[in-house]
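Hi,

Here is the structure I said I would pass on. Have a look at it first, and my notes follow below.

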Amino acid sequence: DFDRLTGSFIVVVPTVANYVVAPLDSGEYQVNIKTSFTFINVEEGKTFAQAFVDTEGKDENRDLAIKDALDAIPMQLTFEIRKIREFQLKTGIIEVRGSQIIIELGRDLGLKPGDEYVIVSSEILQSGRAFTQEQGLVVIKEVSDEVSVAKVIYARPRPRIGDQLEEVPRFGMDTTPYVHFAKGLVYDRESTIVIGARQALSRGFFNFRPLAGLEIPLISNILFGIPVNIYVGGEYNLYFGRFQIVPRAAFGTGGAYLWYRDVPDEDKFAWTYVGGNAGISVNYLFHKNYRLSIEAGYMHWYSLVPLKYFIEGDYIFPDYDGIYVGAGITIKY
């Protein structure tokens with residue numbers, strides 16, 4: 001037993017697999033570093049996992065570009081390690097309070113609000129093999145030093161004291177591609193179709209989550225240019241089992257490269273819009289990694305393109321607004 005105790009440690013061997021420094025036309029340096037991390041179980045004398053991390057840095061100073069690439073390693077490595085089964089956290093339920101549970105791990109082992117765990121049950125088959133089933137999903141709501149409070153998203157049967165949980169490793173972002181159809185209220189444009197994608201930070205957040213996104217209003221002829229709006233904002237998640245009600249608001253601006261021949265070269269890039277949107281969505285979690293959302297709200301974007309740019313009597317990028325309805329699908333990773 002003493003030999004096993006003194007020999008039970010892991011050696012991590014980092015190796016730079018690829019290293020590239022490239023000067024750019026802009027005068028900056030771009031640095032790409034690919035690092036591999038090999039995990040060796042010393043007691044057994046064998047490798048049990050390997051992780052690869054690709055990072056990039058960019059700066060006018062070569063050394064600072066290298067530093068940016070190196071500084072990006074820890075966050076990505078943390079995610080890669082959390083995907084290795086030997087390092088995934090396992091815990092148990094120590095108390096049940098209605099739709100909330102208390103688990104026995106906390107800040108001391110790196111838990112954060114927004115982390116997800118599956119409730120699992122195991123049985124030993126006649127063959128001697130272990131058979132594990134997922135019976136539910138919980139989201140960490142509050143974290144203290146040694147215990148955490150989690151919200152039960154779904155579980156069958158109901159959670160009980162002693163049930164075991166396993167970590168669902170995620171990078172900590174929810175990405176939602178969506179399509180919105182808006183009916184205009186203020187401006188002459190009767191309707192607008194918008195396609196876009198937004199990303200909300202999930203790890204470290206429970207109810208409120210910051211978000212950023214981009215969208216393309218399908219309002220102009222592709223021969224003139226395609227406007228892209230970028231926005232930032234926040235959302236507030238209300239959980240009702242597999243369902244969520246999520247109000248959100250955001251504001252931003254947009255630009256486009258005008259490749260139409262009659263636009264002067266110095267004005268080829270134009271800031272096209274400023275505005276924002278506010279709305280609410282009803283989400284349904286149909287898989288632990290995916291949600292379907294039905295959305296409604298109001299958008300309002302004011303055009304910044306000078307009024308002198310008309311093409312055959314038509315304004316290139318008109319103002320647009322409207323009450324919108326739409327749908328999206330969220331990918332949790």
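Predicted model: local features only at pLDDT ≥ 70, side-chain atom pairs only at ≥ 80, totals over all residues.

Let's start with Asp-319, which is in contact (heavy atoms within 4.5 Å) with Tyr-187, Arg-189, Tyr-273, Trp-301, Tyr-302 and Ser-303, leaving aside its neighbours within four places in sequence. Residues are numbered from 1 along each chain as its sequence is written, and side-chain values use heavy atoms, with hydrogens and water left out.

Back to Asp-319: you'll find it in the loop between β19 (314-315) and β20 (320-332). Helices (H or I, at least four residues) and strands (E, at least two) are DSSP runs, numbered from the N terminus. A polar atom of the Asp-319 side chain lies 2.5 Å from the backbone nitrogen of Ser-303. Thr-272 is 47 residues away from Asp-319 in sequence, yet their C-alpha atoms are 9.5 Å apart.

Thr-272 also turns up in the surroundings of Asn-229, a residue of strand β13 (residues 228-236). Not counting residues up to four places away in sequence, Asn-229 touches Gly-213, Leu-214, Glu-215, Pro-217, Thr-253, Gly-254, Thr-272, Tyr-273, Trp-301 and Tyr-320. Is Asn-229 buried or exposed? Its relative accessible area is 0%, so it counts as buried (under 20% relative accessible area; exposed is over 50% and partly exposed in between, with a 1.4 Å probe and protein chains only). Its side chain makes a polar contact with the side chain of Tyr-320, at 2.9 Å. For that term, I used a pair of N or O atoms within 3.5 Å; within protein, one must be able to donate a hydrogen and the other to accept it, and residues adjacent in sequence count only if both atoms are side-chain atoms.

Next, the sheet. Three strands make an open, antiparallel sheet in the order β1-β2-β3, where two strands pair if DSSP finds at least two bridges between them. The edges are β1 (10-23) and β3 (46-59), each pairing on one side only. From one strand to the next, the twist averages 15 degrees. Helix α2 (residues 62-71) packs on this sheet and touches β1, β2 and β3, with its direction at about 140 degrees to that of β3. Axes here are lines fitted to C-alpha atoms, for helices over the stretch in contact, and angles run from 0 to 180 degrees between N-to-C directions. Between β2 (residues 29-41) and β3 there are 13 bridges, and Thr-35 stands opposite Val-53 in β3.

Helix α3 (residues 73-82) lies across β2 and β3, at about 150 degrees to β3. Its buried residues are Ile-73, Leu-77, Phe-79 and Arg-82, and their cover includes β2, β3, α2 and β9.

Last, the rings: the whole structure has 8 aromatic pairs (ring centres of Phe, Tyr or Trp, its six-membered ring, within 6.5 Å; planes under 30 degrees apart are stacked, over 60 edge-to-face and the rest tilted). Phe-79 and Phe-171 are edge-to-face, because their centres are 5.3 Å apart and their planes at 90 degrees. Phe-79 is in α3 and Phe-171 in the loop between β9 (164-168) and β10 (173-183), so this pair ties together parts 92 residues apart in sequence. Phe-171 is partly exposed, at 26% relative accessibility.

Cheers
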